[in-house]
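The following account leads the reader through a protein model, beginning with a single residue and widening to the whole chain. Please keep the sequence and the structure in view while reading.

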Amino acid sequence: MAQREKPVTDAGSEKIGLHNLAPAPGSHRDRRRLGRGPGSGLGKTSGKGHKGSMARAGHGGPGGGKPGFEGGQMPLTRRLPKRGFTNPSRQEPQLVTLGDLAKVEGEITAQSLADAGLVSLHEGPIKVLANGEIGQAVTVRGVKVSAGARDKIVAAGGRVEE
């Protein structure tokens, strides 16, 4: 079998690659081999002593104890009463202010709001709120509108069609 030629740099030394990388001298220390007999000094109980929480798996150590464990006292998460539930199918509305409507040309629809970059058509219902002022008359069609926003739109000479 023929040997491959070693890629050589200008200085004549071998090119660095994954096959010839090595840590700096003295920077790498061998890992502790626990539970490998009494001669190692870390045999049998592996330096953890006898019994107790610090000898158990998942308890104590550099990462702390078990999350929520309060030394046998009833944990806070179990002491507090539980109320209500979280509706998994809740849809959070996408809010648009009256001031944002100035960025939209022509009739205000879900599509025109999406084209202006104010909402996404795939995220949930759209609602116009009364924050800000509206300068010109606009027609809002197919979008939910708060009562205050409806009053301001109509006062400006516009109309709301749901």
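**From one residue to the whole chain**

Ile153 lies in helix α3; helices (H or I, at least four residues) and strands (E, at least two) are DSSP runs, numbered from the N terminus. The model is a predicted one, in which local features need pLDDT of at least 70 and side-chain atom pairs count only at pLDDT 80 or more, while totals for chains, interfaces and linings use all residues. Residues are numbered from 1 along each chain as its sequence is written, and side-chain values use heavy atoms, with hydrogens and water left out.

Is Ile153 buried or exposed? Its relative accessibility is 0%, so Ile153 counts as buried; buried means under 20% relative accessible area, exposed over 50%, and partly exposed in between (1.4 Å probe, protein chains only). Neighbours within four places in sequence aside, Ile153 is in contact (heavy atoms within 4.5 Å) with Leu98, Ile134, Val138, Val140, Val145, Gly158, Arg159 and Val160. The C-alpha atom of Ile153 is 9.2 Å from that of Glu133, and the two residues are 20 residues apart along the chain.

Ile153 also belongs to the largest nonpolar core, which has 17 residues; Leu101, Leu113 and Ile153 touch the most other members. Such a core is a set of buried Ala, Val, Leu, Ile, Met, Phe, Trp, Tyr and Cys residues joined through side-chain atoms within 4.5 Å. At least two residues of this core come from each of β2 (126-129) and α3 (147-155). In soluble globular proteins, nonpolar side chains tend to be buried together. With residues up to four places away in sequence not counted, Leu113 touches Val96, Leu101, Val104, Ile108, Leu118, Val119, Ile126 and Val143.

Helix α2 (residues 110-115) contains Ser112. Ser112 counts as buried because its relative accessibility is 15%. Beyond residues up to four places away in sequence, Ser112 touches Val104 and Glu107.

The sheet comes next. Three strands form an open sheet in the order β1-β2-β4, and the pairing is parallel; two strands pair if DSSP finds at least two bridges between them. β1 and β4 (144-145) stand at the edges with a single partner strand each, so one side of each is left without a neighbour in the sheet. Between β1 and β2 there are 4 bridges in the parallel sense, and Val96 has Val128 in β2 as its bridge partner.

Gln94 is placed in strand β1 (residues 94-97). This residue is buried because its relative accessible area is 12%. A polar atom of the Gln94 side chain lies 3.0 Å from the backbone oxygen of Gly124. Gln94 touches Val119, Ser120, Glu123, Gly124, Pro125, Ile126 and Lys127, residues up to four places away in sequence not being counted.

The chain as a whole may now be considered. The protein has 3 helices and 5 strands, which run α-β-α-β-β-β-α-β from the N terminus on. What is its radius of gyration? The value is 34 Å, whereas a compact globule of 162 residues would have one near 15 Å; the radius is taken over C-alpha atoms, and the globule rule is 2.2 Å times the number of residues to the power 0.38. The C-alpha trace spans about 90 × 70 × 30 Å along its principal axes. Of the 162 residues, 18% count as buried.

Conventions: A polar contact is a pair of N or O atoms within 3.5 Å; within protein, one must be able to donate a hydrogen and the other to accept it, and residues adjacent in sequence count only if both atoms are side-chain atoms.
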